[in-house]
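Here is a short report on one protein chain. It covers ring pairs, charges and backbone angles.

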Amino acid sequence: MTKPDELLDVAYAEAVRGLAEGGVPIGAALFDADGTLLGSGHNRRVQNDDPSVHAETDAFRAAGRRRDYRETIMVTTLSPCWYCSGLVRQFGIGTVIIGESQTFTGGHDWLAEHGVNVVLLDDARCVDLMTTFIADRPDLWFEDIGWTGERA
């Protein structure tokens with residue numbers, strides 16, 4: 001199998017592409033067990049004016065239909081939100097490789113508790129990309145994570 005950081009390179013390139021398009025810089029890719037790329041994508045919520053196009057869903061859709069996802073690997077530059085964690089659980093994706101969870105921690109602990117192999121890389125490129133983006137575009141970031149400024 002290809003090394004996790006080599007798989008992350010594909011997702012990172014997607015995140016950079018999303019930022020260049022004016023969107024949120026989160027990228028993802030779906031691979032089969034031997035490291036063959038099935039599909040990649042990036043957060044396109046802004047570009048497509050569609051709140052459901054997260055990086056993981058974009059990569060998942062680009063990969064096309066499969067009968068079984070247990071041996072697939074979802075690679076994402078950022079800890080998957082609950083929506084994307086649900087996608088992983090719903091379709092039984094066996095492994096999730098995460099670039100970083102310092103700027104945002106989604107449902108990856110929950111995924112691990114439910115048998116998903118979770119690999120957290122703490123990749124400095126991913127941290128730097130998101131840290132810079134959040135500082136430059138807090139309005140877009142808070143919209144993306146669903147935070148309105150109000151406390152529950």
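The sections below go from the model and its record to rings, charged side chains and backbone.

## Model and conventions

This is a predicted model, in which local features need pLDDT of at least 70, side-chain atom pairs count only at pLDDT 80 or more, and totals for chains, interfaces and linings use all residues. Residues are numbered from 1 along each chain as its sequence is written, and side-chain values use heavy atoms, with hydrogens and water left out.

## Annotated domain

An unreviewed UniProt entry places the feature "domain: CMP/dCMP-type deaminase" at residues 2-118. UniProt positions follow the numbering used here, feature names are shortened, and annotations may be inferred rather than shown by experiment. Over residues 2-118 the chain is 36% helix and 21% strand. The end C-alpha atoms of that stretch are 16 Å apart. Helices (H or I, at least four residues) and strands (E, at least two) are DSSP runs, numbered from the N terminus.

## Aromatic pairs

How many aromatic pairs does a search of the whole structure find? It finds five. Rings of Phe, Tyr and Trp (its six-membered ring) pair if their centres lie within 6.5 Å; planes under 30 degrees apart count as stacked, over 60 as edge-to-face and the rest as tilted. F60 and Y69 form a tilted pair, 5.2 Å centre to centre with 35° between the planes. Both F60 and Y69 are buried. Buried means under 20% relative accessible area, exposed over 50%, and partly exposed in between (1.4 Å probe, protein chains only).

W82 and W110 pair edge-to-face, because their ring centres are 5.7 Å apart and their planes stand at 65°. This pair links distant parts of the chain. W82 is in helix α3 (residues 82-91), W110 is in helix α4 (residues 108-113), and the two are 28 residues apart. W82 counts as exposed, at 54% relative accessibility. W110 counts as partly exposed, at 28%.

## Charges over rings

A charge sits over a ring if NZ of Lys or CZ of Arg is within 6 Å of the ring centre and within 35 degrees of the ring normal. The charged end of R89 sits over the ring of W110, 5.9 Å from its centre. R125 lies over the face of Y12, at 4.5 Å from the ring centre.

## Salt bridges

A salt bridge is a side-chain nitrogen of Lys or Arg within 4 Å of a carboxyl oxygen of Asp or Glu. By this rule the count comes to eight. D58 and R44 form one of them, at 2.7 Å from N to O. D58 lies in helix α2 and R44 in the loop between β2 (37-42) and α2, so their bridge ties together parts 14 residues apart in sequence. D58 is buried, at 13% relative accessibility. R44 is partly exposed, at 24%.

R125 and D123 meet in a salt bridge of 3.1 Å, N to O. R125 is partly exposed, at 29% relative accessibility. D123 is buried, with a relative accessible area of 16%. A network of salt bridges links D9, D123 and R125. D139 and R137 form a bridge at 3.3 Å, N to O. R137 is partly exposed, at 35%.

E56 is found in helix α2 (residues 55-63). E56 is buried yet has no salt bridge. Which side chain of opposite charge is nearest to E56? R45 is, and it is 10 Å away. Here Lys and Arg count as positive and Asp and Glu as negative; His and the chain ends are not counted.

What surrounds E56, leaving aside its neighbours within four places in sequence? E56 is in contact with A28, M74, T76, L78, P80 and C84. Contact means heavy atoms within 4.5 Å.

Most residues other than glycine have a negative phi. D49 has a positive phi of about 50° although it is not a glycine. D49 is found in the loop between β2 and α2, and is exposed, with a relative accessible area of 72%. Phi of D122 is also positive, near 50°. D122 is in the loop between β5 (117-120) and α5, and counts as partly exposed at 43% relative accessibility.

D128 is in helix α5 (residues 124-136). D128 is partly exposed, at 48% relative accessibility. D128 and E100 are 28 residues apart in sequence and 9.9 Å apart in space, C-alpha to C-alpha.
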